[in-house]
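Take a moment with the sequence and the model before reading on.

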Amino acid sequence: MVDQDSYLHRGDGVRLDVVVVGAGLGGLLAAIGLALDNHRVTILEQATSFGEVGAGMRIPPNCFKILRRWGVDITYLKKTYSNGNRFLRYDDGSTLADMPHGVPELDFGGSYLMVHRADYHSVLLDRARALGVVIRGGHRVEEYDWNTPAAIVQGGLRVPADLIVIADGVQSSARAAFQGHELPPTDTGDIVYRILIPGQDLLSDPDMRDLISQPWVTSWCGPDAHVIGYPVRGGEVYNVVFCCSEKSMQDRPFQPGENKLVISDNSELRRRFSDWEPRVKKLIEHSGKEFLKWRLYDLDLVDNWVYPTGKAVLLGDAVHPMLPYMSSGAAMACEDAAVLRKVLSTATKDSLQTALQKYQSLRQPRASKVQKAGRVLQEAYHLPDGEAQRDRDIWILKDDERNPIYWGHKARRQWLFGHDAEDF
Ligand SMILES: Cc1cc2nc3c(=O)[nH]c(=O)nc-3n(C[C@H](O)[C@H](O)[C@H](O)COP(=O)(O)OP(=O)(O)OC[C@H]3O[C@@H](n4cnc5c(N)ncnc54)[C@H](O)[C@@H]3O)c2cc1C
């Protein structure tokens, strides 16, 4: 067990100058962890203003416990505590299964939260700044000198360091150099529409109000698609994501190189989900005027997380992009940060390579397992009506490894949520 106050403990190793590339959730978490051990941390972020997309996300207990230890203050973060997962049939809305979380604090050592991404990003920014992390916006890293090492920013500015932590996301421009060959992320074939609906709109409709008043993560499962929704900001907002295979859309597919689009009417969604139950259709009617459509990518296993010189390392989506269906991508980045912090706490400049290899060996198998579990869920959620779907609907009710829903099996739940990334 890790001492609850251990975030106050400063590492015994030398103080390193660390440059973190990317101020997404992964980059911020890495910066916080390292700053807690008195390393001097600078984040270089290409965007001129810091933020996150307008959408919800979940913070599972395996991440929550790290945030708490690291003194990330969530007092004023508007949050919703999740009841668990509820699965419904797509056409009549009948319940396939309820999978309550029970008391996650007791079972897994941390709460299970549903939040707005921008709110979460903002508390991490506050914590990083309070710890003295320097955050430079408008600094797009164009090149690396892997030996010094140094990050070279657009315009030619060289930012030297002892270590570079690269958290530049799914489309990472650095990943290829680590592998010695191109390694673009894999197109999973799925796209998502991410939408926020004012909670009041649903509360005033008797058919919809339970979606707010009973904070389940609700998933409607149907052929080639699923719709997932949950309240955030204590019910002020309902976050809903329409997920479907791109081939099942009647509308214009993404063009090569296009990954995200702003959509300004809901006609695509109306057509795609025309035979889904009334509540799904109502969610579409509430979808507002502008929302995001994303193409989803992942990668199975990235061989090299550590650059051969031992002075640069990958973290977060840059090294383990995954389908969002396990709602664990950012939680995995949080675990990365925790492990990185700990291996570096006793490292010297000369032993960086060994410490970073340990980071990879601890993180790679677990992140890869979660990534693969996302693919299993993709198949289970999107089954067409038929024998496999009928089987799914039987096994979904059993605490058994044949339950196709990850959280339906207690041992798997424990493995995912009970994990303590700092306990090694
Ligand atoms: C629909 C959806 C739902 C999800 N839900 C959840 C959930 O409920 N729970 C969960 O844990 N995870 C969830 N995830 C996954 C989670 O969003 C990601 O895993 C996480 O945001 C990755 O963070 P990151 O910092 O690694 O990458 P990013 O958030 O992509 O950040 C990368 C940053 O690097 C910057 N950057 C890129 N290139 C450069 C450069 N050359 N120079 C400087 N800066 C650069 C970018 O501007 C960006 O700010 C979801 C994902 C999706 C798509």
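Which of the 34 residues around the ligand come nearest? They are Gly-22, Gly-24, Gly-169, Gly-316 and Gly-329. A residue is near a molecule if its C-beta atom, placed from the backbone, lies within 6 Å of it.

Two notes on reading the model. It is predicted, so local features need pLDDT of at least 70 and side-chain atom pairs count only at pLDDT 80 or more, while totals for chains, interfaces and linings use all residues. Residues are numbered from 1 along each chain as its sequence is written.

Back to the ligand. The elements that give two or more residues to its shell are helix H1 (25-36), strand E3 (56-59), strand E13 (186-198) and H10. H10 supplies the largest share, four residues. Helices (H or I, at least four residues) and strands (E, at least two) are DSSP runs, numbered from the N terminus. By type, the shell holds 17 nonpolar, 11 polar and six charged residues. Here Ala, Val, Leu, Ile, Met, Phe, Trp, Tyr, Cys and Pro count as nonpolar, Asp, Glu, Lys and Arg as charged, and the others, Gly among them, as polar.

Next, the core. The largest nonpolar core has 126 residues. Helix H10 (residues 329-344) gives the most to this core, with 11 residues. Such a core is a set of buried Ala, Val, Leu, Ile, Met, Phe, Trp, Tyr and Cys residues joined through C-beta atoms within 7 Å. Ala-31, Ile-166 and Leu-315 have the most contacts inside it. Beyond its neighbours within four places in sequence, Ile-166 is in contact (C-beta atoms, placed from the backbone, within 7 Å) with residues including Val-21, Ala-312 and Leu-315.

Now the sheet. Eight strands form an open sheet in the order E6-E5-E14-E15-E16-E13-E18-E17, with mixed pairing. Two strands pair if DSSP finds at least two bridges between them. Strand E6 (95-100) and strand E17 (260-263) stand at the edges with a single partner strand each, so one side of each has no neighbour in the sheet. E17 pairs with strand E18 (residues 291-298) in the antiparallel sense over four bridges. Within that pair, Leu-261 has Lys-293 in E18 as its bridge partner.

Finally, Arg-86 in strand E5 (residues 84-89). Is Arg-86 buried or exposed? It counts as buried because it has 21 C-beta neighbours inside 10 Å. The cut-offs are 20 or more other C-beta atoms within 10 Å for buried, 12 or fewer for exposed, and partly exposed in between. Leaving aside neighbours within four places in sequence, Arg-86 is in contact with Thr-95, Asp-98, Trp-216, Val-217 and Thr-218.

How values were computed:
Two residues are in contact if their C-beta atoms, placed from the backbone, lie within 7 Å.
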